[in-house]
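Dear colleague,

I am handing over the structure below, and after it I set out what was found. Please read the notes alongside the coordinates.

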Amino acid sequence: MARITLDHIRHAYGIRPSAPNDYALREVNHEWKDGGAYALLGPSGCGKTTLLNIISGLLQPSEGHILFDGEDVTDLPPEARNIAQVFQFPVIYDTMTVYDNLAFPLRNRGVAEPEVDRRVREILEMIDLSSWAKKTARGLTADQKQKISLGRGLVRNDVNAILFDEPLTVIDPHMKWVLRSQLKKLHRQFGFTMVYVTHDQTEALTFADKVVVMYDGQIVQIGTPAELFERPSHTFVGYFIGSPGMNVLPMQLDGTRAIVGGESVELGFAPAVAAATRLELGIRPEFLRIGREGHPVRIDKVEDIGRHKIVRATFAGQSVAAVLSEEDEVPADARIAFDPMAINIYADSWRVERGA
Amino acid sequence: MEKTWNNKAWFMVLPVLLLVAFSAVIPLMTVVNYSVQDTFGNNQFFWAGTDWFTQVLDSARFWDSLVRNLIFSAVILAIEIPLGILIALNMPRKGLGVPVCLVLMALPLLIPWNVVGTIWQLLCRVDIGLLGWGLSKLGLRFAYAADPVDAWVTIIVMDVWHWTSLVVLLSYAGLVSIPEAYYQAARIDGASRWAVFRYIQLPKMKRVLLIAILLRFMDSFMIYTEPFVVTGGGPGSSTTFLSIDLVKMAIGQFDLGPAAAMSIIYFLIVLLFSWIFYTVMTRGDQA
């Protein structure tokens with residue numbers, strides 16, 4: 001297993017990139033620690049698969065270097081990088097048996113047959129397919145095929161990292177849970193460095209220790225699920241994570257108070273922002289309280305989704321969403337209150353740190 | 001849910017049934033009719049039973065044509081299938097080269113068969129043909145009309161030129177349908193070029209190759225126009241394949257009974273071989 005260093009990586013698919021928009025991946029400069037479980041989360045086309053393919057070596061970055069444990073592997077082809085990659089659609093060699101599928105990467109590298117046998121049996125045990133060893137891989141279900149793709153990566157000794165490219169797309173919903181928890185278990189047991197690409201926030205948040213949120217070719221935030229929830233560093237993270245996403249309201253600043261469409265909201269701190277920046281107030285629906293206190297609000301709709309209620313309302317001309325628990329009543333002349341500790345201020349979409 | 005049966009729906013297939021009846025079933029039954037009767041013209045028929053079948057199966061002429069035809073088909077498959085795959089593997093996957101290659105490949109397929117025969121007959125002529133003239137200038141004696149080997153070489157080269165494209169196009173279609181992830185996974189697994197071909201490309205091409213082999217077998221086994229135009233079945237009877245023999249018998253000698261019997265035997269052979277190819281190549285698919 002290895003520590004992965006992404007040293008000023010940029011990538012453009014075109015030949016001569018000039019504007020920042022020509023880059024599919026805009027400057028990524030991070031270090032991912034050994035044995036970590038990282039999820040790359042973002043909408044389609046945000047560059048997450050590009051980044052993954054750069055790590056695996058299927059793509060050469062236009063600029064920058066990639067290091068495994070401090071060793072530069074930028075120019076190494078994928079077969080020399082000792083990585084495993086599981087693709088969106090299960091890749092299996094369907095004329096071979098399950099056993100031969102797993103033995104394939106070892107035999108390609110000229111590993112002696114007794115060692116091949118030992119490793120393959122170990123992996124079969126690990127991915128729970130021992131009883132299928134002699135069967136042709138063709139007849140397996142999608143989740144079993146994905147496990148074989150994974151196994152083909154694990155079978156090599158000291159794999160540097162296991163990369164997943166939306167591996168659960170074609171898996172039945174009930175099997176997704178099973179497979180995901182098996183992945184978690186493998187991670188805890190063997191401490192592989194795992195990088196997992198997905199556009200599904202639930203998948204990312206349950207799988208990873210650290211979620212890497214990508215947007216428009218750049219990494220906008222790397223954080224634990226809790227950090228992404230409480231302190232989204234970019235309004236995009238606010239929108240993208242959470243259901244419903246964060247309320248983002250255009251505002252003006254007046255000392256320690258935010259002016260949102262004529263209503264004045266107490267912040268409890270004075271954000272340090274330059275003049276003439278576009279300011280926004282962000283607050284998660286979970287921290288808005290609908291009751292008899294606070295600012296006047298018009299309730300548009302109450303959606304009861306079982307565990308809680310989602311209130312759609314209009315506050316100072318802006319539509320906002322609030323999450324209420326099942327017992328909470330929505331009074332006739334409802335008012336809305338902001339939890340000052342849960343308010344984030346964004347200047348040109350980026351979060352402003354709370355001063356002391 | 002209860003399945004509803006509406007037998008009136010069968011009427012919907014009636015037009016197709018009529019069409020197939022006129023184009024296939026009735027001619028076939030006519031042939032069966034001829035094959036068990038004897039006629040001297042004047043629309044007078046006599047019952048002949050299985051006499052014609054025995055006669056055909058006992059004749060050396062039939063077996064000679066059959067063996068010639070089997071060798072021809074075997075050579076054609078042995079050359080066109082690997083060559084077609086090889087060309088398809090080396091065709092570009094994107095860019096301007098794709099349409100250019102595809103059009104070039106499709107060209108021979110668009111030429112009518114008798115024209116193909118004429119082209120090659122002219123091409124190989126020693127007096128005015130570019131190829132025949134060129135070969136003779138190089139000091140090679142090449143006479144497709146006199147030398148059986150030269151005649152065979154000419155017909156085989158012509159068929160390869162005419163039909164390899166079909167195998168190429170089918171194989172290419174099979175190849176481009178393989179998702180990129182397979183190649184990426186193979187790279188990560190450290191697979192050699194040969195392993196990629198053996199374990200990814202070949203299995204994924206299996207279905208189209210089955211079609212290519214069946215089509216190429218049936219067509220080459222029934223080849224008529226091109227050898228008829230180029231060699232006329234000669235020299236001697238060295239390129240007299242079953243179909244040429246059949247036409248000689250039916251039109252040239254007006255032996256309708258034996259010709260009909262031979263047609264049916266011919267048909268059954270094609271059916272048998274196609275079935276064998278199909279069974280062998282799809283074996284294990286259900287496993």
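Predicted model: local features only at pLDDT ≥ 70, side-chain atom pairs only at ≥ 80, totals over all residues.

Two residues are taken to be in contact if their C-beta atoms, placed from the backbone, lie within 7 Å.

Residues are numbered from 1 along each chain as its sequence is written, and chains are lettered from A and ligands numbered from 1 in the order in which they are written.

Chain A has eight helices and 23 strands, where helices (H or I, at least four residues) and strands (E, at least two) are DSSP runs numbered from the N terminus. The C-alpha trace of chain A spans about 75 × 50 × 35 Å along its principal axes. Of its 356 residues, 43% count as buried, a residue being buried if 20 or more other C-beta atoms lie within 10 Å of its own, exposed if 12 or fewer, and partly exposed in between, with C-beta atoms placed from the backbone.

Helix H1 of chain A (residues 48–56) is largely enclosed by the rest of the structure, because nine of its nine residues are buried; among them are A:Lys48, A:Leu51, A:Asn53 and A:Ser56. After H1(A) comes A:Gly57, whose phi is positive, near 95°.

Helix H2 (residues 98–108) and helix H3 (residues 113–126) of chain A pack at an angle of about 130°, with their axes 9 Å apart; axes here are lines fitted to C-alpha atoms, for helices over the stretch in contact, and angles run from 0 to 180 degrees between N-to-C directions. That makes H2(A) oblique to H3(A), given that angles under 35 degrees count as roughly parallel, over 145 as roughly antiparallel, 65 to 115 as roughly perpendicular and the rest as oblique. H2(A) contributes A:Tyr99, A:Leu102, A:Ala103, A:Leu106 and A:Arg107 to the contact, and H3(A) contributes A:Val116, A:Arg119, A:Val120, A:Ile123 and A:Leu124. By class, this contact has eight nonpolar, no polar and two charged residues, where Ala, Val, Leu, Ile, Met, Phe, Trp, Tyr, Cys and Pro count as nonpolar, Asp, Glu, Lys and Arg as charged, and the others, Gly among them, as polar.

Turning to the strands, E18, E19 and E20 of chain A form, in that order, an open sheet of three strands with antiparallel pairing, two strands being paired if DSSP finds at least two bridges between them. Its edge strands, each pairing on one side only, are E18 (298–304) and E20 (318–325) of chain A, and the twist averages 20° from one strand to the next. Six bridges join E18(A) to the antiparallel strand E19(A) (residues 308–315), and A:Asp304 has A:Lys309 in E19(A) as its bridge partner.

Elsewhere in chain A, five bridges join strand E9 (residues 210–215) to strand E10 (residues 218–223), which run antiparallel, and A:Val213 has its bridge partner, A:Gln221, in E10(A). This hairpin has two residues between the strands, and A:Asp216 takes a positive phi near 55°.

With best regards
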